[in-house]
Amino acid sequence: MCIRDRVYGTRGGLFAGAASPIISYLISGMPLPGMLPAITVELAVYGSLTGFLRQQLKWNGFASVATALFAGRVAFVMVFLFTDGIATGLTEYIRSALVPGLAACVLQITLLPLLGNWWVRQEDR
């Protein structure tokens with residue numbers, strides 16, 4: 001999502017973020033129906049916020065991706081809280097579901113802005 005947002009902006013990122021999990025579900029049955037609303041909101045936040053921060057507010061790629069990843073995960077957890085999707089306590093859920101993904105988050109913050117810049121340069125040729 002974050003590369004697409006860098007290239008296509010806020011609206012493109014919002015559309016791609018919201019549509020991707022729904023299309024994936026229709027094709028493959030994944031994500032599971034119980035996860036679909038939270039993942040759709042999470043990816044829509046990633047998409048729209050990265051594009052907005054990068055193109056409208058002129059943030060650098062690393063800060064915009066980091067902020068969008070944090071906000072998307074918060075949105076994901078909020079959807080689960082409001083839909084009673086978390087069977088354990090919030091602290092236990094964060095420890096078991098979110099902490100293992102921190103390494104991937106660091107890689108995304110590091111690599112996605114670089115890949116997005118490369119993609120834009122390729123399209124400008």
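This is a predicted model: local features need pLDDT of at least 70, side-chain atom pairs count only at pLDDT 80 or more; totals for chains, interfaces and linings use all residues.
By pocket I mean, on a 1 Å grid over the protein atoms alone, an open set of points where a 1.4 Å probe fits, with protein on both sides within 12 Å along at least five of seven lines.

Residues are numbered from 1 along each chain as its sequence is written, and side-chain values use heavy atoms, with hydrogens and water left out.

Back to the pocket. Its lining has 15 residues, and L69, R73, L98, L102 and C105 lie nearest the centre; a lining residue has an atom within 4 Å of a point. Two or more lining residues come from each of α3, α4 (90–98) and α5 (102–124). Helices here are DSSP runs of H or I, at least four residues, numbered from the N terminus. The largest share, five residues, comes from α3. By class, the lining has 12 nonpolar, two polar and one charged residues, where charged covers Asp, Glu, Lys and Arg, nonpolar covers Ala, Val, Leu, Ile, Met, Phe, Trp, Tyr, Cys and Pro, and polar covers the others, Gly among them.

Next, R73. What does its side chain meet in a salt bridge? The partner is E42, at 2.6 Å, N to O; the criterion is a side-chain nitrogen of Lys or Arg within 4 Å of a carboxyl oxygen of Asp or Glu. R73 is in helix α3 and E42 in helix α2 (residues 36–56), so the bridge ties together parts 31 residues apart in sequence. R73 is partly exposed at 28% relative accessible area, whereas E42 is buried at 6%. Buried means under 20%, exposed over 50% and partly exposed in between, with a 1.4 Å probe and protein chains only.

R73 also lies over the face of F76, 4.7 Å from the ring centre. That requires CZ of Arg, or NZ of Lys, within 6 Å of the centre and within 35 degrees of the ring normal.

Last, the rings. The whole structure has one aromatic pair. The centres of F76 and F80 are 5.0 Å apart and the planes at 45°, so the pair is tilted. Rings of Phe, Tyr and Trp (its six-membered ring) pair with centres within 6.5 Å; planes under 30 degrees apart are stacked, over 60 edge-to-face, the rest tilted. F76 is buried at 4% relative accessibility, and F80 at 7%.
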